[in-house]
Amino acid sequence: MAHYVPGIMPVESVIARFQFIVPKEWSSKYRPVCIHLAGTGDHHYWRRRTLMARPMIKEARMASLLLENPYYGCRKPKDQVRSSLKNVSDLFVMGGALILESAALLHWLEREGYGPLGMTGISMGGHVSLF
């Protein structure tokens, strides 16, 4: 997002951060991956890793990429209190950044030979994953 609209994001939010959780071994020639987008107030990875990624590895040998939202967790501006965004426009910037970051990650995963690929999310992450 910062590439297309310089200065629109706080410095702390510019660099995307994620965890990539892969099975020790794949059960077929395919290497499926699902990108999980965070819901409102989900500041780190624990909830998605524990409730979504680990069961997906165990049941389907499917990898998960957990993307951290701008304005949340390590990407939260220093002057922001908890999940309360300072401006209404920050919500639109967050959504746009997530869409662009997800697209870049999907292209990267495809280039690296992963697939099939999917996206999911809870709450706000579910809304953004539809794009």
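Ground rules, before I go on. This is a predicted model, where local features need pLDDT of at least 70, side-chain atom pairs count only at pLDDT 80 or more, and totals for chains, interfaces and linings use all residues. Residues are numbered from 1 along each chain as its sequence is written, and side-chain values use heavy atoms, with hydrogens and water left out.

Overall layout next. I find 3 helices and 4 strands, running β-β-α-β-α-β-α from the N terminus. These are DSSP runs (helices H or I, at least four residues; strands E, at least two). Along the principal axes, the C-alpha atoms fill a box of roughly 45 × 30 × 20 Å.

Then contacts (heavy atoms within 4.5 Å). Of those between residues at least 6 apart in sequence, 78% join residues at least 24 apart.

Burial: 40% of the 131 residues are buried, meaning under 20% relative accessible area, with exposed over 50% and partly exposed in between (1.4 Å probe, protein chains only). The chain exposes about 7700 Å², 59% of it from carbon and sulfur atoms.

Last, Ile-8. I place Ile-8 in the segment before β1 (18–21). Ile-8 counts as partly exposed because its relative accessibility is 34%.

Technical notes: Areas by Shrake-Rupley, 256 points an atom, 1.4 Å probe, with all protein chains shown as cover.
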